[in-house]
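Morning, everyone. Let me put the model up, and then I will walk you through its salt bridges, its surface and its backbone.

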Amino acid sequence: PPFAPGTAELHITVNGLQLSPFWVPFVFYHNNCTINSLSIDSGPVNGSTRTHALGRGFVDTDILCLFTMPSDNGTTTSTSVGTFVDGQDLVCVSPVADATGVATVTLSLNGGQDICTGKRGLFLYYYFPEVQLLLPNNIPVVETYSNASTQLDLVGSGLNRTGGDLWSRFGADNATECTVVSDSSAVCSAPPSQEGGVVNVSLSLNSYDWSLASSVFTYVPLVDSYSPELGPNRGGTNISVLGHGFVDDDARGRSSCVFQSGRAVAAHVAHSQMLFCTSPVALQDGLQAISIGVAVGGQHYGYSSSDTFYQHAEPLILRLSAASAPVTGRVFLTVFMQSIELPPGTPVYVQLSPATGDRLVFAQPPKHVLGGVWSGDDAVVELPDFSSPQFFQEWSSWLPGDLEVFVSFNGVDWRSN
């Protein structure tokens, strides 16, 4: 029977006189519930778009959202369960559609038995847009926080399916709106990042549903400097590289060092501003000036423009100017070496360490490094006073005795013969 809107008690009787003591609520409502607008009025044919139906006459009952589209046999209706928010707001989730097109959205407040007679909503189904090309497809990381975005030309398909609404997202960054030029062209903005690496680029036509990444974009790490700045041609020099945006993450593409010959070597990333890598064997003899760059995700990018790494011939000691000296030192020793070419101003280091030979030792022999002057084929150093308090405790058990002489041009790679 007709009732005013509200909740009634539904009882059962078997004799027409006595009502059951138990009852269930039954809601009466006006069936002219109206959809004035949808908060999101488009979505992919994959479904699952969550949209708010805004209108009036909604009640908290068995809500069903009905999406009806034209088909070869007339119309096809798909449904999803609605969620009540209040009398003017409820949530519908778009079901999967078989094709693109405009669906009419209606409501039922009793599980589909009765359809609301009020105004209906319209929902556009589309296929996801795709990215085919980004120009440029990489930018350098920023050293400090910045909000200056970089404009990119995006080439793709299906960019204008909703009449000009297009958003892009680079990795996990917030969405930014693009300017649609045509169905296959748009101008988007890549946000700045202090974190290097490769990120996925996804698109949306409603700022809610995002396409699976069909393209990637790279934030290129910056190389500021490296140390040492030279090493022997045999390779094996442990180089610390300083910069910004180094990556130690498989998802974003781990950083590796690339030497100017195009050879990539694995890197150990200490943190975003420092990594370590080992120089490879030189491709030719003699002095070579090369630069070191950083690759991300297998892609090779620019080298440092301010620093050069030199690989040089192996130092070879020919003889010493003296075979012995007093422990008290204070005398000059010349180390004669084979002439090799080095960058101008290269220092030379001479390291002295007790010669242990084949004898068994139970303590690590001490080492002392002297800075010398390189003349092109020799180095001159002044021997210290090993009997002085500075050296006595560490060296007294080793001297008098033989010392082995090592030379290096970077203080890291030592050679003795």
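First, a term: a salt bridge here is a side-chain nitrogen of Lys or Arg within 4 Å of a carboxyl oxygen of Asp or Glu. This is a predicted model, so local features need pLDDT of at least 70, side-chain atom pairs count only at pLDDT 80 or more, and totals for chains, interfaces and linings use all residues. Residues are numbered from 1 along each chain as its sequence is written, and side-chain values use heavy atoms, with hydrogens and water left out.

Salt bridges, then. How many does a search of the whole structure find? Four.

Take Glu314. Its side chain meets that of Arg234 in a salt bridge, at 2.1 Å from N to O. This pair links distant parts of the chain, 80 residues apart: Glu314 sits in the loop between β30 (309–312) and β31, Arg234 in the loop between β22 and β23. Strands are DSSP runs of E, at least two residues, numbered from the N terminus.

Glu314 also has a salt bridge with Arg415, at 3.5 Å from N to O. Arg415 lies in the segment after β36 (403–408), so this pair ties together parts that are 101 residues apart in sequence. Put together, Arg234, Glu314 and Arg415 are linked in a network of salt bridges.

How covered are the arginines? On our scale, buried means under 20% relative accessible area, exposed over 50%, and partly exposed in between, with a 1.4 Å probe and protein chains only. Arg234 is partly exposed at 38%. Arg415 is partly exposed too, at 32%.

Another salt bridge joins Glu195 and Arg252, with the closest N and O atoms 3.4 Å apart. Glu195 is in the loop between β18 (185–190) and β19 (197–204) and Arg252 in the loop between β23 (238–244) and β24 (255–259), so the pair ties together parts 57 residues apart in sequence. Arg252 is buried at 15%.

Now the backbone. The peptide bond from Leu135 to Pro136 is cis, with omega near -5 degrees. Pro136 is in the loop between β12 (130–135) and β13 (138–140). A cis peptide bond also joins Ser227 and Pro228, with omega about -5 degrees. Pro228 is in the loop between β21 (222–227) and β22 (230–232).

Last one: Arg330. Its phi is near 65 degrees, a positive value in a residue other than glycine. Arg330 lies in the loop between β31 (317–320) and β32 (332–337), and is exposed at 60%.

Methods: Helices (H or I, at least four residues) and strands (E, at least two) are DSSP runs, numbered from the N terminus.
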